[in-house]
Amino acid sequence: GGQSRDPGPALLVIAHPDDECMFFAPAAVRLVGCGVPVRVLCLSAGNFYNQGEIRKKELLESCGALGISLSHITVLDHRDLPDHPRVQWDRDLVSSLILRYIQSHHIGLVLTFDEGGVSGHVNHIAVYYAVRKLCSERKLPVGCRVLVLESTNIIRKYISILDLPISWLRPHDMIYILSSEEYQQARNAMLCHRSQLLWFRHIYLRISRYMLINTLNQIS
């Protein structure tokens with residue numbers, strides 16, 4: 001192709017094990033399919049119910065199903081970044097941890113949550129603000145782009161493939177859509193998170209647009 005240079009690996013910055021497949025599977029699967037090395041930086045072990053060790057193992061399995069190399073997965077189990085819906089993570093700490101990772105692995109593309117955090121979880125939103133801080137302070141390496149995952153309203157979130165025309169028509173910088181075979185891959189990844197598969201997760205698997213479609217907007 002006409003690519004002048006290798007943009008470098010893509011980095012998925014998530015808050016908890018299972019974010020990678022619940023929300024970002026279309027982007028991960030499509031990037032892997034295009035030969036882009038994908039890395040995952042998970043900022044907590046998801047220990048809200050004291051299942052952190054189990055969830056770390058599930059994350060590795062899930063990433064394997066998505067085609068992500070196990071050596072490309074990092075879980076930061078930082079005591080100041082607990083998995084908790086009521087704990088505000090320190091923006092400076094989160095942004096410095098993310099920046100260190102980006103610099104040491106020569107990341108060319110960062111994918112993370114937008115200010116809605118898809119599900120509204122405060123940990124997701126904290127990641128967005130930490131990354132936005134890096135952008136506004138111009139701390140990211142030259143050429144490193146940041147794409148944030150569009151949070152949709154609740155109706156669009158749960159109409160699966162029916163959201164496709166809306167996703168196409170609404171403004172976005174990037175869209176990833178899975179084929180039915182690729183959807184099976186995303187589904188298999190989700191099923192690796194056995195500790196999290198409560199009844200509503202099984203419904204989510206069938207009806208969430210995020211299992212099939214990712215629309216992202218560039219913030220830098």
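Let me begin with Glu-20, which is found in helix α1, residues 19-22, where helices are DSSP runs of H or I with at least four residues, strands are runs of E with at least two, and both are numbered from the N terminus. This is a predicted model, in which local features need pLDDT of at least 70, side-chain atom pairs count only at pLDDT 80 or more, and totals for chains, interfaces and linings use all residues. Residues are numbered from 1 along each chain as its sequence is written, and side-chain values use heavy atoms, with hydrogens and water left out.

Glu-20 is buried and yet has no salt bridge, the nearest side chain of opposite charge being Arg-55, 7.4 Å away. By buried I mean under 20% relative accessible area, by exposed over 50%, and by partly exposed anything in between, with a 1.4 Å probe and protein chains only. A salt bridge here is a side-chain nitrogen of Lys or Arg within 4 Å of a carboxyl oxygen of Asp or Glu, and for charge, Lys and Arg count as positive and Asp and Glu as negative, while His and the chain ends are not counted.

What does the side chain of Glu-20 make a polar contact with? One partner is the side chain of Ser-62, at 2.5 Å, and another is the side chain of His-193, at 2.7 Å. A polar contact is a pair of N or O atoms within 3.5 Å; within protein, one must be able to donate a hydrogen and the other to accept it, and residues adjacent in sequence count only if both atoms are side-chain atoms. Leaving aside neighbours within four places in sequence, Glu-20 is also in contact, meaning heavy atoms within 4.5 Å, with residues that include Leu-12, Ile-14, Leu-59 and Leu-66.

Not counting residues up to four places away in sequence, Asp-114 touches Tyr-128, Val-148, Leu-149, Glu-150 and Ser-151.

Arg-170 is partly exposed, with a relative accessible area of 41%. Arg-156 forms a further salt bridge with Asp-163, the closest N and O atoms being 2.7 Å apart, and Asp-163 is buried, at 0% relative accessible area. Salt bridges that share partners join Glu-150, Arg-156, Asp-163, Arg-170 and Arg-209 into one network.

Turning to the nonpolar side, a nonpolar core is a set of buried Ala, Val, Leu, Ile, Met, Phe, Trp, Tyr and Cys residues joined through side-chain atoms within 4.5 Å. The largest has 42 residues, and those with the most contacts inside it are Phe-23, Leu-66, Ile-68, Leu-111 and Met-190. Helix α2, residues 25-33, gives the most to this core, with five residues. Apart from it lies another core, of 27 residues, among them Val-94, Leu-97, Leu-99 and Ala-126. The buried residues of α2 are Ala-25, Pro-26, Ala-27, Ala-28, Val-29 and Leu-31, and α2 is followed by Gly-35, whose phi is positive, near 85°.

On backbone angles, most residues other than glycine have a negative phi. Val-118, in helix α5, has a positive phi near 60° and is buried, at 8% relative accessible area. Arg-138, in the loop between α6 (122-136) and β5, has a positive phi of about 55°, but this residue is exposed, at 76% relative accessibility.

Finally, the whole chain: the protein has ten helices and seven strands. The radius of gyration, taken over C-alpha atoms, is 16 Å, close to the 17 Å that the globule rule gives for 220 residues, so the chain is as compact as a globular protein of that length; the rule is 2.2 Å times the number of residues to the power 0.38. Of the 220 residues, 51% count as buried.
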